[in-house]
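User: I want to learn how to read the features of a model like this one. Please take me through them step by step.

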Amino acid sequence: MKQVFKRPKSLADVPFHFCPGCHHGIIHRLVAECIDRFGLRERTIGVASVGCSVFLYDYFAVDVLEAPHGRAAAVATGVKRARPDDFIFTYQGDGDLAAIGTAEIIHAANRGERITVVFVNNAVFGMTGGQMAPTTLLGQQTTTTPFGRDESLSGYPIRMAEIMAQLTGTCYVARCAVDTPKNLMRAKKSLQKAFEAQVENRGFGFVEFLSACPTNWKMTPQQATAHVTEVMVPYYPLGVFKEDENPN
Amino acid sequence: MARSNTLLVKGNEAIAMGAIEAGCRYYFGYPITPQNDIPEYMSRHLPEAGGTFLQAESEIASINMLLGAAATGARAMTSSSSPGISLKQEGISYLCGSQIPGVIVNMSRSGPGLGGISPSQGDYFQATRGGGHGDYRTIVLAPHSVQECYDLTMRAFDLADRYRNPVVILGDALLGQMKEPLKPRKHRGKAVDKDWALTGAGGREPRLLKSLYLSEGELTKHNWMLHRKYRRMRREIRYETVGVEDAKLVVVAFGSVARILKNAVSMAREQGMAVGLFRPVTLYPFPQAVLRRLAERVNRFMALELSTGQMVEDLQLSVGPDVVDFYGRPPGSIPSPDELYREIRKNYRKRIG
């Protein structure tokens, strides 16, 4: 019988710790599939960030370096400069990348670092218990916006993919979701493009994933996935924002 | 021919030269006075040595780039001055927790806050007590001449690799900016096998460098292991003494103050005072045991610092608080040998007679 589905080699044979309905597990799998697809497992160095994805090193069968909160893009810069032939990716949440790590991500992208950034946007600080993130939607209740996010107090949800696409240094920028099989297949394609940008030494690849956080959204897994489709996607449009075959 | 090998360079330049000679191939930094000669030198000379110079967007990014490069086994350095070193503390804590080597140069200026650009020794506590969060230490080397800037930088890389720990070089504006003859010498340190370095899991198990330990008892064990390592660093203790053999009063200072003090001590000895100088070269680990032994036959000690008193606490812990006097100069001006001589004379008359 032909095997049609199996664990990617780059994924360790351990169960994920993520909450039921969380999309991190799916996104982890997509990244691992991509590492396998390009045959990169033995020359990949992953940079883990701080947040729910900090345990990346428990799940990926590759070399992993832990970065301080928000600093993954700077850490990855150092790794890539020292190991230009290796494949370097960061995996960061929205608190990590879009709040405390804004300077590092903007400048790594602007330098056109040959790294691949996987950005997971679930509109909350997940690991710390559901506080407001820069990506929290207006009106969204979190543990630090108990009356809903109010722009007069906390400003607006930040659209990172659009910002990254504006930088001359970026090569490939997309926003994806894994809420439907169709979107999942598109996400897979986008991730491949972002990988290619580095593998072909063309430049900086950035893929934003809209992700469900049922626990902190206080929803069932089904409700949370529907929330991505119905509430997040309208504010955070999916698509490819930049695809530059020959960047500067 | 020997003479042609002697260069006239600034302390900052000597540090950059020593780093490249020691095999440093990655430098990450951000401009700040009074250490800009270091990144400027590196930007010109690292590429020709086959290395990479990168001007980062911040001090925070610089130390994290160092963390990334050093995690692959490469020799990497960052440099800054006081306010910038404050920003690097988070990264230094992670380097210690993850056991990643690296060299951090602080050509300190004055604080607190933006302070000023004059020399100060007010970063002693920050350098020797860890500086960032958590229970950790870094080896701290304090050069007092341009030659030592070069020599100790080379040594810093060897020590960092030997202990898988960051090493701090603590100089100041005076040392960084002054020019002196330098005799560059070949680096002779032994290469360390880095069986922990992240190079891609080709034909081996994946490796992981991290500082997070959440399982029961894991972090306790990790901290005790680090503690044992910091104790082992005591074998690296270095110091210099001048005329302590017959001294009744030993003056203790590090870095640029020790340099000025050498003249003041000569003046005192010419005047017949039994004064010796003790200069710690490693500020951490501090030469506590050596000083304790010295205190068995020397009655009085005097600490002199460009601060209101930091190293003096280590001296008091070494020889006892009752036999130590202190002369401190907050930042703003540099004491002359004459001024320090007068302070020594005053103390000598009061304490010795």
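User: Which strands pair between chain A and chain B, and in which sense do they run?

Analyst: Strands of a sheet pair through backbone hydrogen bonds, either parallel or antiparallel. Two strands count as paired if DSSP finds at least two bridges between them. Here strand 2 (residues 63–66) of chain A and strand 9 of chain B run parallel, joined by 2 bridges. Within strand 9 of chain B, B:Leu209 stands opposite A:Leu65. Strands are DSSP runs of E, at least two residues; helices are runs of H or I, at least four; both are numbered from the N terminus.

User: What should I know about the model and its numbering?

Analyst: The model is predicted: local features need pLDDT of at least 70, side-chain atom pairs count only at pLDDT 80 or more, and totals for chains, interfaces and linings use all residues. Residues are numbered from 1 along each chain as its sequence is written, while chains are lettered from A and ligands numbered from 1 in the order in which they are written.

User: How many residues does each chain give to the contact?

Analyst: Residues are in contact if their C-beta atoms, placed from the backbone, lie within 7 Å. Chain B gives 34 residues and chain A gives 29. On the chain B side, elements giving two or more residues include strand 2 (26–29), helix 3 (59–71) and helix 4 (82–98) of chain B. Helix 3 of chain B has the largest share, 9 residues. By class, this side of chain B has 19 nonpolar, 11 polar and 4 charged residues. Nonpolar means Ala, Val, Leu, Ile, Met, Phe, Trp, Tyr, Cys and Pro; charged means Asp, Glu, Lys and Arg; the others, Gly among them, are polar.

User: What is the strand order in the open sheet of chain B?

Analyst: The order is 10-12-11-14-15, five strands with mixed pairing. The edges are strand 10 (239–242) and strand 15 (324–328) of chain B, each pairing on one side only. Inside the sheet, strand 11 (residues 249–252) and strand 14 (residues 300–305) of chain B pair in the parallel sense over 4 bridges. B:Val250 has B:Phe301 in strand 14 of chain B as its bridge partner.

User: Which strands does helix 9 of chain B touch?

Analyst: Helix 9 (residues 255–270) of chain B packs on the sheet and touches strand 10, strand 11, strand 12 (275–280) and strand 14 of chain B. Its direction makes about 165 degrees with that of strand 12 of chain B. For such angles, axes are lines fitted to C-alpha atoms, for helices over the stretch in contact; angles run from 0 to 180 degrees between N-to-C directions. Helix 11 (residues 311–319) of chain B lies across strand 11, strand 14 and strand 15 of chain B, at about 160 degrees to strand 14 of chain B.

User: Is B:Arg164 buried or exposed?

Analyst: Count the other C-beta atoms, placed from the backbone, within 10 Å of the residue's own: 20 or more is buried, 12 or fewer exposed, in between partly exposed. B:Arg164 has 20, so it counts as buried. Its phi is positive, near 45 degrees, though it is not a glycine. A:Lys218 also has a positive phi, about 55 degrees. A:Lys218 is exposed, with 11 such atoms.

Note on methods
Two residues are in contact if their C-beta atoms, placed from the backbone, lie within 7 Å.
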